[in-house]
Amino acid sequence: MLASLIHRPIGVLTVLLACLSLGIAAIRHLPVSLLPDIGLPQITVQVTVPDMPAQQLYETLVEPLRLQLIQVGAIEDIQADVRDGSGRLRLTAGYGTDADLLFIEINENVDRAMHNLPPGTERPRVVKADVTDIPAFYINVTQRKKRLGTDYSKPSDTEFMEMSDFVHQVVCRRIEQLPEVAMVDCSGLTMPELCIAPFREKMEALRMPWSLLADAVTEAVSEPGTFHILEGELQYSMRFQTSLLGRRDIEELCINHGGRIYRLGDLAEVREQPQRTAGMVVSDGTRAVTLAVIKRHEARMAALKRQTENLLNALSKDYPELVFTVTRDQTALLEASLHDMIRNLIWGTLLACAVIFVFMRDVWRPLLVSLTIPVSLVLSFPAFYAMHIGINIVSISGLILGIGMLVDSAIVIVDNMTRCSLSGATAGQAGIDSAREVFNPMLSAVLTTCAIFIPPVFLSNLAGALFYDQAMAVTVILCVSLAVSIIVLPVLYHLIYRGKTPRHIRHQTHGIHGYGGCLYGCYHAVLKWCFRRRMAIWGLLACSVIGGILLFLNMDRQKMPAMHHDDLLLDIAWNERITAGENSRRCEASVRALSGSVRQSTILAGVQQFLLSHTRAQAESEATVYIQASDASETSGVARKATEWISEHYRQADCTVRPAGNVFDLLFADREAALVTRLRNTDAQPVRPQDLDQILGEITRALPNLSVKPPAWEEYIELLPRRDRMSLYGISHSSLLAFLQRQMQTGEVTRLTQGNQSVPVVLGTDRPGSLAMLRQQHIATGQADVPLAALVRETRRAVPRRITADADGPYWSLPMSPDRKDIPETMESIRHTVTDNGRFSADFGGTWFSDRRTVRELGMILCISILLLYFILAAQEESLVQPLIILSELAVDLFFTAGLLHLCGQTLNVMSMTGLIVMCGIVINDSILKIDTINRLRQTGMELKRAVFTAGERRLDAILMTSLTTGLAMIPFLFRSGMGSELQFPFSLALTGGMAVGTLVSLFYVPTIYYAIYQNKQT
């Protein structure tokens, strides 16, 4: 087929141009995002019951839901997190699970669980998301401060409530209308409520119970449903229409008491006021509403940012009293990362081309090789589109890696065509003969490289899903480059060199002979030295095997490499029963203590209203503070200063620091300690604080050098009714409860529908006062005013502030941070202590387990990859010995590369281990070509030693060029100028170092071992 194509260059070129047109068209339709669409669905089931304690909420609502949902087969992990008033069940499915079907199945199970929940329970909210549904950016909306004389005043609560309604009803809807936006998740809203505050004196003078006001409102909004009425042969539907739409309608209600009609507005004040909030958002010292903008998976980040900026500019002009601040901008991170990756792509291409020009010292041949880079890149994009692979930092890193390798095929084919031409063949015949000669070894090289890239896809969880794009990118570009090298380059070579004599070609192609053959002489000298010291080469192999095993066993392990960032999150637990307002005040004070070092801050104090799980769940006494430092170099100093200030002023508070701006940190951050002990109660009874304190004391005594942080408890006030006194004064339990609800303004009468929101109507006095004021209240009866203190008895009880559970049930988490080498001994001590106690059982988790599991998986993948390489080479070479010669060099390469990682302070993580695996597949390509050449020369009758030296000369140019192009293509990542480079640094270091060592091994080690083995056979 190639012989016919060479003589039809116009047809080949027109087909090539048509394919390039398709590639250019495909680029415009590829989604551009920071991360690939992983397809690892998460379903969140949210339960909200205001003012219900965590223990009661877990036992009555969350536990029945958990028992029902663990029956869903596709669920791999279920985590329950319950706090006062709210509970969240997060269910994670396996990679590739159909999120829509899973969502339907979970909703069906929630409906079944409703039968086991208390009557009147509101149906839990089920939210479908993906683990990569991380907000593209946040928008903080604040009101502009008003100028009053010489001072600026903050907006009042009523003004902020009005702004919240506007943001929720208008701004969110406008942003969600953008085609690139999937949804807007908001928090910090203050919603309105209608409060009916009776005139106490007038109600007491009329001896009118407050319940009449509640009954009047309830009856006015009740809707009995639809009635059907017949009129002749026609049937009509009839229904009552409620007339209560707002405050004025409630004021006009009529109440009949004692035969007289009273207007409700004359008996009570009806006012609209902000609902009590358990959380708030503060942006740069001003209360705000924060909007988390979630983009569509197929959307382009740049288009999303551009459209949002245009919309915010228009809103700022239309509503100048509002201020819009964009924070935690992942699009800026994407732009910087993609710009960095594209720059590295260009530099890698230029360096590869420079190497080709230096070695070939010609015009046309380097152009032919360099042409394969843009052509292969463009031809790869239709395959990207067909395989649903977008443009992201993972796929671009695969393209950059592929650049160094795709020119290998072009270099080999062009170098071989030149040698055939110098031997007297015509340009067309040289192309045909070269393609036939090198196709098998080139195909082996492509297959071995692809075999190395495919196994990391099977890593568990996110790591394997993320590397799918990289593996597919490398596989596609290598296959395309092989096709271009075998089909297009011979045709172009024939067009350029047809009619030219070997003398003319020799004059144009100095090659490495232009350097006086000095390099050939050095190569022969070193190779002869190795031949004379073959035992030293075998010793090098043995030392590499032993040293590599010891080195891998003693290197530190972690999941992902550390990356720099200029922002952070402070997770604060005040460990006190404080309100959201006090929580916010403390957070603002801690931010002010960092004056001069903070560019922007956002405080999420108390319970947040986000639907998705991109922000951690927290109680009213907890907070998350986002801080963007003035410079990345100040981040660690800001974190240290903030934690020191909080610990100095609030000794009971716990403050932890975690990264914020890096999407990989959000996905892969170690949110657990190195070792987490999960204590579970051995019986079904609730755990008493004294029992837990006892086991914690025993664990602390067994591990005196470790800090054991106990679970947080809260003290509740319980009011126990004195039923004998209530009977004496004729006070029922319901009337006592109604009185308490009115005093604490927790008695919701009904809800009114206003637009698309539901506004609660509450009956009560002003906001609740202190506990001392509550004790002084009196209940009016027909006999006398009875003090509340005489009717109830007050006790205090400790309950857990937070309850966590997994598929095995509830547990109490004890995070610890011992030295990693001491963790097995620590676990054994805890097991003995818990067994001796008898009231608890213990199991363990933490990053120590996940890191070891990940590295163990990578080790298994490395073994599988090497086996695949062996099988492919054995099938290609029809030999069982020669693949062992090629693969034996991996022991030397891995030992020296792992030593380089250790010297550079790198750990064994996903990226460095993947770099080692990929390096194994690349470095053997040169050895494959060299051994194939030696075999061909021996088949012609050439003596063994001469065949080895001749093959080395013939492949020296190609080996040096391919090694340099692959290594230089990765060098830009070693400068760590952005997130993409930082992520790829361990990968690039392993690959570049491995290529440097592997080149020397291919040039000298492999020929020596080959000669040593076949010399004995020949003898």
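This is a predicted model: local features need pLDDT of at least 70, side-chain atom pairs count only at pLDDT 80 or more; totals for chains, interfaces and linings use all residues.
Residues are numbered from 1 along each chain as its sequence is written, and side-chain values use heavy atoms, with hydrogens and water left out.

Let us start with helix 5, residues 157-176. Helices (H or I, at least four residues) and strands (E, at least two) are DSSP runs, numbered from the N terminus. The expected span of a helix is 1.5 Å times one less than its number of residues. Buried here means under 20% relative accessible area, exposed over 50%, and partly exposed in between (1.4 Å probe, protein chains only).

Next, look at helix 18 (residues 534-554) and helix 28 (residues 882-903), whose axes come within 8 Å and cross at roughly 45°. That makes helix 18 oblique to helix 28, since angles under 35 degrees count as roughly parallel, over 145 as roughly antiparallel, 65 to 115 as roughly perpendicular and the rest as oblique. Axes are lines fitted to C-alpha atoms, for helices over the stretch in contact, and angles run from 0 to 180 degrees between N-to-C directions. Residues of helix 18 including L540, G547, G548 and F552 take part in the contact (heavy atoms within 4.5 Å), and the partners in helix 28 include A891, F895, G899 and H902.

Helix 19 (residues 580-592) has 13 residues, so it should span 18 Å, and its end C-alpha atoms are 18 Å apart, which agrees. Among its buried residues are N583, R586, C587 and E588. The buried residues of helix 19 pack against strands 15, 18, 19 and 20 and against helix 20.

Most residues other than glycine have a negative phi. N575, in the loop between strand 18 and helix 19, has a positive phi near 55°, and at 22% relative accessibility N575 counts as partly exposed. D284 sits in the loop between strand 15 and strand 16; its phi is near 50°, and at 42% relative accessibility D284 counts as partly exposed.
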